[in-house]
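Colleague: I would like to go through this model and hear the grounds for each term you use. Could you take the sheet and the helices packed on it?

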Amino acid sequence: MHIESLDLRTISDADALQIAELLVRIWPNSEKTVAVRQSQLLELGQKYAPDEKPAPQSFFIRESGQIIAHSAVLPRSIGSPTGDLKIAGLTRVGTSPEQRGRGLGQIIVRPVFDLVDRGDYQFSLFQTTQQVRPFYEKLGACVIDNPIVNSLGIEHQESPFWDKVIMRYPSDQAWPQGEIDMRGPGY
Ligand SMILES: CC(C)(COP(=O)(O)OP(=O)(O)OC[C@H]1O[C@@H](n2cnc3c(N)ncnc32)[C@H](O)[C@@H]1OP(=O)(O)O)[C@@H](O)C(=O)NCCC(=O)NCCS
């Protein structure tokens with residue numbers, strides 16, 4: 001299976017459009033239209049300096065010219081009681097509804113977790129639902145229950161995540177207790 005990747009700082013309009021179309025097929029009931037999702041994808045990388053490493057990236061699988069599975073990683077430095085953590089913010093993970101169960105979900109999340117395994121990040125951190133939790137547990141992630149805040153947000157004491165389940169990868173490394181400061185919006 002060929003996995004394509006791109007740096008989100010230099011994503012083309014055409015790739016952003018194809019990924020946006022996939023995200024709308026996955027989350028059709030959201031108020032986010034293809035145009036909204038496309039412009040969000042074009043903006044995601046702009047918060048990073050051109051030479052900053054590791055890079056914000058998209059990973060995807062294309063079949064017959066259409067993107068059918070996607071994941072993205074946003075580098076973040078977050079605060080914890082034991083010090084800052086360099087994390088891979090995993091986001092926009094999905095497989096086209098008619099392509100599920102083929103292993104594409106695992107294949108497209110793995111490159112992000114591989115970046116952690118090779119030491120580019122200490123952990124991956126992401127939000128999900130109870131329904132999808134077992135999918136990530138199979139990949140070696142586990143749920144965290146730390147209080148989460150965003151000290152840079154208007155509501156400092158509120159978690160910037162909207163989904164109920166917050167997970168980290170890998171599950172077998174020591175993870176701090178206590179409050180996690182995301183220092184920015186959820187993803
Ligand atoms: C979650 C999602 C990406 C899985 O994609 P997929 O291509 O079907 O996943 P895979 O075929 O790689 O499945 C891998 C394993 O996870 C399991 N799995 C997949 N989705 C699952 C779910 N919703 N609940 C429980 N297990 C699930 C599969 O049974 C499979 O297990 P196996 O290896 O024992 O057979 C896909 O269902 C999806 O896009 N969902 C909607 C969007 C979403 O929720 N994204 C995640 C947001 S954080």
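Modeller: Let me begin with S5 and S8, which run antiparallel and are joined by five bridges. The model is predicted.

Colleague: What makes S5 and S8 a pair?

Modeller: Two strands pair if at least two bridges are found between them. S5 and S8 have five bridges, so they qualify under that rule. Within this pairing, Leu125 stands opposite Arg168 in S8, and Phe126 stands opposite Met167 in S8.

Colleague: How do you know that S6 and S8 pair?

Modeller: Strand S6, residues 142-143, has two bridges to S8, in the antiparallel sense. The rule asks for at least two, so this counts as a pair. Cys142 stands opposite Arg168 in S8.

Colleague: Which strands make up the sheet, and in what order?

Modeller: The order is S1-S2-S3-S4-S5-S8-S6, an open sheet of seven strands with mixed pairing.

Colleague: Why are S1 and S6 called edge strands?

Modeller: Each of S1 and S6 pairs on one side only.

Colleague: What makes S4 a mostly covered strand?

Modeller: A residue is buried if 20 or more other C-beta atoms lie within 10 Å of its own. In S4, residues 85-95, eight of the eleven residues are buried.

Colleague: Why is the unit of S4, H3 and S5 called right-handed?

Modeller: The term applies if, with the strands pointing away from the viewer, the path from the first strand over the helix to the second runs clockwise. S4, helix H3 (residues 104-117) and S5 make a right-handed β-α-β unit, so that path is clockwise here.

Colleague: How do you know that the length of H3 agrees with a helix of its residue count?

Modeller: The 14 residues of H3 should span 20 Å at 1.5 Å a residue, and its end C-alpha atoms are 20 Å apart, so the two agree. H3 does have a kink of about 30° at Arg110, shortly before the proline Pro111. Just after H3, Gly119 takes a positive phi of about 95°.

Colleague: What does H3 pack against?

Modeller: The buried residues of H3 include Leu104, Ile108, Val112 and Phe113. Those buried residues pack against S2, S3, S4, S5, S8 and helix H4 (133-138).

Colleague: How does H1 compare with its expected span?

Modeller: Helix H1, residues 13-26, reaches 20 Å from its first C-alpha to its last, close to the 20 Å expected for its 14 residues. Among its buried residues are Ile19, Leu22 and Leu23. What covers the buried residues of H1 includes S1, S2, S3, S4 and helix H2 (34-44).

How values were computed. Residues numbered from 1 in each chain as written. Predicted model: local features only at pLDDT ≥ 70, side-chain atom pairs only at ≥ 80, totals over all residues. Buried ≥ 20, exposed ≤ 12 C-beta atoms within 10 Å, placed from the backbone. Helix = DSSP H or I, 4+ residues; strand = E, 2+ residues; numbered from the N terminus. Expected span 1.5 Å × (residues − 1). Bend = angle between axes of the 7 residues up to and from the residue. Contact = placed C-beta atoms within 7 Å.
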